[in-house]
Amino acid sequence: MTGRILRGGDGPVSNWCVPNLITIARILLVPVFVWFLLLDESSDGPWRWAAAVLFIVAIATDSLDGHIARSRNLITDLGKLLDPIADKALTGTALVMLSVLGELPWWVTIIILVRELGITFWRLAVAKKRVLPAGRGGKLKTLVQAIAISLALLPLWVVFGDWVHWVNGILMSAAFILTVWSGLDYLWEAYRPQKKKAPQLRADDGSTLR
């Protein structure tokens with residue numbers, strides 16, 4: 001294991017640096033998250049709460065690993081590959097499980113997954129040929145998605161009553177609309193005539209690729 005792991009500066013960076021380890025941990029937490037939900041058996045009990053907390057903690061590390069990588073110059077090709085995989089695996093699995101539990105229509109999950117995976121694969125496919133602009137609504141979409149899924153997973157209706165389902169429905173609708181709109185906007189911005197000075201390559205959530 002050669003290269004820098006956490007120390008900032010220049011020089012070789014280990015593939016086992018801290019940002020990559022955080023990303024890998026996020027991927028490994030996905031099956032644990034699913035297991036917790038299955039153990040709950042739709043009882044909205046302790047396992048459901050544990051699954052929700054696990055998702056919230058895992059999704060919060062999305063910004064952490066990217067910040068560490070950029071601030072300490074610990075950017076690797078492996079990190080660039082694994083980071084979007086971890087994000088889509090976590091949010092995509094959560095949406096699928098909500099649909100499996102009958103709490104989210106399958107058509108909503110399918111459209112969101114097609115948008116997320118389609119944009120990700122397309123961006124990776126053309127990244128070597130052209131610079132892609134940042135999506136204007138990407139950061140907002142990512143934030144609203146995280147909040148909507150987190151609240152949908154937390155069985156707050158057990159504590160506060162059924163009106164929580166209305167709040168969850170509104171937030172998930174907002175996340176759905178932003179997801180579709182930001183995807184279309186990202187494609188539109190990518191195909192507009194490019195300026196002479198190309199912008200830095202960015203992900204569709206507006207963050208600089210690491």
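The model is predicted, so local features need pLDDT of at least 70 and side-chain atom pairs pLDDT 80 or more, while totals for chains, interfaces and linings use all residues. Residues are numbered from 1 along each chain as its sequence is written, and side-chain values use heavy atoms, with hydrogens and water left out.

**Aromatic pairs**

- The count comes to 5 aromatic pairs (Phe, Tyr or six-membered Trp rings with centres within 6.5 Å; planes under 30 degrees apart are stacked, over 60 edge-to-face, the rest tilted).
- Phe-36 and Trp-47 make a tilted pair, because their ring centres sit 5.1 Å apart with planes at 45°.
- That pair ties helix H1 (residues 18-40) to helix H2 (residues 46-71) (helices are DSSP runs of H or I, at least four residues, numbered from the N terminus).
- Phe-36 is buried at 15% relative accessible area, and Trp-47 is partly exposed at 39% (buried is under 20%, exposed over 50%, partly exposed in between, with a 1.4 Å probe and protein chains only).
- Trp-107 and Phe-176 are edge-to-face, with centres 5.5 Å apart and planes at 85°; Trp-107 is in H4 and Phe-176 in H7, 69 residues apart.
- Trp-107 counts as exposed at 53%, but Phe-176 is buried at 18%.

**Second largest pocket**

- The second largest pocket holds about 250 Å³ of space (on a 1 Å grid over the protein atoms alone, a pocket is an open set of points for a 1.4 Å probe with protein on both sides within 12 Å along at least five of seven lines; lining residues have an atom within 4 Å of a point).
- Of its 14 lining residues, those closest to the centre are Glu-103, Leu-104, Asn-168, Gly-169 and Met-172.
- H7 gives the largest share of this lining, 6 residues.

Conventions: Grid points are joined across faces, edges and corners, and a volume is the space filled by probe spheres set on the points. Helices (H or I, at least four residues) and strands (E, at least two) are DSSP runs, numbered from the N terminus.
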